Amino acid sequence: MNAMDNIATHRKQQMRRYHQARWDEPVIFELSQPGERGVLVPEVEPEIAQATGQPLASLPATMRRQRPPALPEMSQNRVLRHYLRLSQENLGADLNVDVGQGTCTMKYNPKINDQLARQPGMAELHPRQPDSSVQGMLEVIDKVESVMREVSGMDAVSLQARGGSQAIFANMSIVRAWHESRGEAAQRDEVITTIFSHPSDAACAKLVGYKVITIYPDADGYPDLAALKAAVSQRTAALVITNPEDTGIFNSRIREFVDAVHAAGGLCVYDQANANGLLGIARAREAGFDLCHFNLHKTFATPHACGGPAVGAVCSTAALAPFLPSPLVRNKSGRYQLVSAGEQSIGKISSFTGAASIVLRAYAWIMNLGAEGLRTVSEIAVLNNNYMMHQLLKIDGMSAPYAPGKRRIEQVRYSWSGLAQATGVSSEDIGLRAADFGVHYWTSHHPYLVPEPATIEPTESYSRADLDEFIGVMRHIADEARSNPELVKTAPHNCPVHRVQGEMLDDPERWAITWRAYQRKLGERGLA
Amino acid sequence: MKIGLVVNPWAGIGGPAGLKGSDGAASVQAALAACSLPHVPARLAAMFEACGEAAQAVSWYAADGAMGCSALEAAGLDVCAVVPVNWPSQAEDTRRATCTLAGMGIDLLLFAGGDGTARDVLQGLRDAGVADSLPVLGLPAGVKMQSAVFANHPTAAGQLLRQLQQHGLAVCSDAEVMDLDEDELRCGLIAPRLHGYLQLPLSPKLTQGGKARHVSGSGAQRMAIARSFAEAMEARSLYLVGPGSTTQALLDLLGVDGTLLGVDALLGDGTLLARDASRRELEDLAERWQVPLHLVLSPIGGQGLVLGRGNQQISPRLLRAAGRRGLHVLAPPDKLMSLHGGVLRIDSGDAELDAEFNGYLPVTTGYREQTMWPVSV
């Protein structure tokens, strides 16, 4: 096959001949040259030095650094080159058809909203400014809160949490504070969740001090109601649950779950980190929940930004509102103020009022769409997902376990077990091969209850052509698994990093997430 | 890949004759007299058929004659090395042949038989010093197969061999070797015991992508379960700790010199009262101490039996005394997910009592983590 034929074949199959950049770039600390600087600060003139004296002397000695910080010393152009190179060795949300990271709700984050957040009037705000000088931002927070109240049906909202897990932590703290206020905190030490719920639910419950009881699905893939009823008792502090769960299957009996927990005196917390299929369609309030939260970086289109900053919107019923994080934004006679939330508040969940720039981005996105637009977002997300499922299930060896014939909401947990049994190619292999075609792909949280899992969530942002491209990649890899399994099992071939030795990442003796830890654990022992 | 094959040619022969097993030369003679024909060759043939061409790529090492070579030759496979055995063969030949094969650098030991054969293989591998490292797969061909080392059926064994040959050996997991005492069984007593563990390769179907990083029942996971349970133990209570590696982690954590394979009795403060105790001793202890009674059990093998396999020392009387509140099940989540039929079972010998436990039981799966798992008789 000559080169032109090759290109033509790839075009026909919609397969890109992608290759990621490879720069062989060292870690920035290894690029450091002693004395090299990005900015040469001019010497202080004698007159100024005389006028200011020794400003550092006003700091207590214990607060002053003994040594300068161990930062890399580099010129500006080398820093710029370094990060541009790393960015090319990456696969960002703006580069690929990012539908393969199910549960993450990867949607387009409009650039104009970034520009808004970077305007000087916004970027230069300081959290310690007096309320009177940040009326605009406080108004934006207030308006986003009112949208969250409408979308959830709840009575009160806090936007203080700087991320989804922090919001769940806040909700679990509210649960504890509520039971404390009723003198039942010691008795109620269990939180119930499901295996297909957001794993942060179990993690945050544990962090707050609860014992966690996990419910597995019944044969149809729905949370097992009988198991829940067996788990509920006077020790139940709360149920924390996602709906639809990671399978994308909507639990239409959710009200029965909520009622069973309420009957035993527990609270019900709805994890709506990802609510992308439900905007304007179903609300936590009508399902009877006491608390819920939204991740603005999922459903409300603010950037994921490599782990933040983000915002988790905590929503509560009126009964639980006194426990919300403090301070709260309140409008008093036309002026916005930050007010203390009162004695029962769980206090601060994060510094100041949270990540204002993220709230602004979400506000811009919401106001662009309006109420009907938000509902359209969910309708298209669900439509995209079911189109994708229809096409993907035509691939021999791929299946969607549970609830046969039922449509899914915004995402699907698929299984490649048929392909794996026929070819020995695992879902993880498929994900690594997908990187060769320039798309992200994710399997599932652990444990893998669905064998050889893949979780795909198309959101509303992608066109049919985009979805077809991703489907084409999946079909192509499945074909390769049958014709040339070794090719898939040894992937990636077009990426700068080959398979990562996962074993090291799980070994406290060897994992290193900072340069200092890397030097201490690996550098000196010659293992680097 | 080098595979060693040991076949118990008499396996299963006692089944049709109602002999409840085929142990002992007398049973074999009795079975032959009853005109039972050995069914092992047919099961081996089914396995090789399911394995397909991959079997040709394997280097086969085998015990002589009906103990291995004959089946390979019947399937048209070459044998690299032959281990001589006596004829007619006895259990001792299985042990010796296994030990010899293990010393030949094989990657996997394949055996055909039942629980008795599994025990002999375990002993042979212990003699060779590789019982806890050499992967073993059982072709189910016996009368009793309580052990967890068997494939579900010959075709599944063949498919697994093919996958292992093509994709290399996957992660192994501890698999229980269980056996009934056949003499007792013939007297109407059912008392299977846990004899130890073999290393069963997990099939790719069961082998999850991240398995290497999340190995089922890993030491850390067992320790988390043990720590969680230990924190909730009450000093003035009697704990009967059943066999298994998960419950062993609890004994280790408490610093109790108990047994991996038997039932140990201790007080909540860690005082060991009886080691590898009999049913009689356990009932006497419960009588004498008159304190709340707790049973600490782990499901055995893929059968999901919490009670009734390997821990018959715990009688219906003790189960009744402990009740639902005193019945504690410890198991890593992966073990629960791999249960055949997906349910836990209780077979204490008192069906009426067992039925009282139908529904859900909380299972401790990690540190301060539980799941509600269905129980069905």
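**Strands and helices, term by term**

Modeller: In this predicted model, 5 bridges join strand S6 (residues 291-295) of chain A to S7(A), and the two run antiparallel.

Biologist: What makes strand S1 (residues 156-161) of chain A a partner of S7(A)?

Modeller: Two strands pair if at least two bridges are found between them, and S1(A) and S7(A) have 4 bridges in the antiparallel sense, so they count as paired. Within S7(A), A:Cys315 stands opposite A:Val157.

Biologist: Why is S7(A) called largely enclosed by the rest of the structure?

Modeller: A residue is buried if 20 or more other C-beta atoms lie within 10 Å of its own, and 5 of the 5 residues of strand S7 (residues 312-316) of chain A are buried, so the strand is largely enclosed.

Biologist: Turning to chain B, why is H9(B) called oblique to H10(B)?

Modeller: Helix H9 (residues 219-231) of chain B and helix H10 (residues 245-254) of chain B pack at an angle of about 60°, with their axes 8 Å apart. That makes H9(B) oblique to H10(B), because roughly parallel requires an angle under 35 degrees and roughly perpendicular begins at 65. The residues of this contact divide into 9 nonpolar, 2 polar and 2 charged.

Technical notes:
Residues numbered from 1 in each chain as written. Chains lettered and ligands numbered in written order. Predicted model: local features only at pLDDT ≥ 70, side-chain atom pairs only at ≥ 80, totals over all residues. Axes fitted to C-alpha atoms, helices over the stretch in contact; angles between N-to-C directions. Parallel < 35°, antiparallel > 145°, perpendicular 65-115°, else oblique. Nonpolar A, V, L, I, M, F, W, Y, C, P; charged D, E, K, R; others polar. Buried ≥ 20, exposed ≤ 12 C-beta atoms within 10 Å, placed from the backbone.
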